[in-house]
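Hi everyone, thanks for coming. I'd like to walk you through one structure today, slowly, so please have a look at the screen.

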Amino acid sequence: MIIASKKRKENIAEYLLYMWQVEDIIRANHLDIDTIERNVIDKFQLDEAQRREMREWYESLIDMMRREGVEKSGHLQMNRNTLGQLVALHQTLLKDPRFADYTALFYKTLPYIVELRSKSGDVKPGEIETCFNALYGMLMMRLQAKEITPQTRDAIAGISQFIATLARNFHLDEANRLFTDDDNETGTDK
């Protein structure tokens, strides 16, 4: 909750990946708030009010996961909405000639995305979701200390750069600074 709020303000991509991890933590703790309290909340140095607030946050997420039927897999609607906002911005940026650098970065990353999508089974996620799936998969591989091939590292590096640029543009857009003439940015870090 505290971490999620900070990440939401600073980096939408990190926020979304964090929230996917929170969903998995809740699942790993069998959607049981007492188990989450012992395994997660107790690990933080919190005063009583902060503890109560964090417990209530996890309880609300558990309730949402049950109501939305994502107890075993899938993502909460609020996380799907965030992903949808990123997809909408991505599509807008691709259509706008002022963001030629962003478009070039996307097309540079596209071969990695196509390759990953080809391995995703019958249901093919969109490009942006594929990128997030790859980044989340890499996070899980690192947490499990699995070996990562140089080809995978290269793909993740390209995807990370692309998603970081999208996230930066997202925050500029939220601040109403993306499409203004005052900001001579064209969608990528220079």
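Let me start with a question: is Arg27 buried or exposed? Arg27 is buried, because its relative accessible area is 13%, and the cut-off for buried is under 20%.

Before that, the overall picture. What you see is a predicted model, so all the values I quote are computed from it. The protein has 8 helices and 0 strands. If you read along from the N terminus, the elements simply go α-α-α-α-α-α-α-α. The C-alpha trace spans about 50 × 40 × 30 Å along its principal axes. There are 190 residues in the protein, and 39% of them count as buried. Now take the contacts between residues at least 6 apart in sequence: 63% of those join residues at least 24 apart.

Okay, back to Arg27. Its side chain meets the side chain of Asp24 in a salt bridge, 2.9 Å from N to O. Both residues sit in helix 2, which covers residues 12-28. They are 3 residues apart, and that is about one turn of the helix. By the salt-bridge rule used here, the count for the model comes to 12.

Next, a group of charged side chains. Which residues are linked with Glu37 in a network of salt bridges? The network is made up of Asp34, Glu37, Asp42, Arg51, Arg55 and Glu59. Let's take a couple of its pairs.

Arg51 and Glu37 meet through their side chains in a salt bridge, at 3.1 Å from N to O. Arg51 lies in helix 4 (residues 48-68) and Glu37 in helix 3 (residues 33-39), so this pair ties together parts that are 14 residues apart in sequence. Glu37 itself is buried, because its relative accessible area is 18%, and buried means under 20%. If we skip residues up to four places away in sequence, Glu37 touches Asp42, Arg51 and Arg55.

Then there's the salt bridge between Glu59 and Arg55, where the closest N and O atoms are 3.6 Å apart. Here both partners lie in helix 4, 4 residues apart, again about one turn of the helix. How accessible are they? Glu59 counts as partly exposed at 33% relative accessibility, and Arg55 is partly exposed too, with a relative accessible area of 21%.

Now for a polar residue, Asn79. You'll find Asn79 in helix 5, residues 77-95. Is Asn79 buried or exposed? Asn79 counts as buried, because its relative accessibility is 1%. What does the side chain of Asn79 make a polar contact with? The partner is the side chain of Glu23, at 2.7 Å. Leaving out neighbours within four places in sequence, Asn79 is in contact with Tyr15, Leu16, Met19, Trp20 and Glu23.

Asn176 sits in the segment after helix 8. With a relative accessible area of 62%, Asn176 is exposed. Asn176 and His90 are 86 residues apart in sequence, and their C-alpha atoms are 16 Å apart in space.

Last stop: the empty space. Rolling a probe the size of a water molecule over the atoms shows where empty space is left. The largest pocket holds about 360 Å³ of space. Of the 17 residues that line this pocket, the closest to its centre are Tyr112, Leu116, Lys119, Ala134 and Ile156.

Which helices each supply at least two residues of that lining? They are helix 6 (100-118), helix 7 (127-143) and helix 8 (150-174). Helix 7 gives the most, with 6 residues. And what kinds of residues line the largest pocket? The lining divides into 8 nonpolar, 6 polar and 3 charged residues.

Finish at the largest pocket, with Tyr112 among the residues closest to its centre. Thanks, and I'm happy to take questions!

Notes: Residues numbered from 1 in each chain as written. Predicted model: local features only at pLDDT ≥ 70, side-chain atom pairs only at ≥ 80, totals over all residues. Heavy atoms only, no water. 1 Å grid on protein atoms, 1.4 Å probe; cavity = no way out; pocket = protein on both sides within 12 Å on 5 of 7 lines; lining within 4 Å. Points joined across faces, edges and corners; volume = space filled by probe spheres on them. Nonpolar A, V, L, I, M, F, W, Y, C, P; charged D, E, K, R; others polar. Buried < 20%, exposed > 50% of the residue type's maximum accessible area, 1.4 Å probe, protein only. Polar contact = N/O pair within 3.5 Å; in protein donor to acceptor, adjacent residues only side chain to side chain. Contact = heavy atoms within 4.5 Å. Salt bridge = Lys/Arg side-chain N within 4 Å of Asp/Glu carboxyl O.
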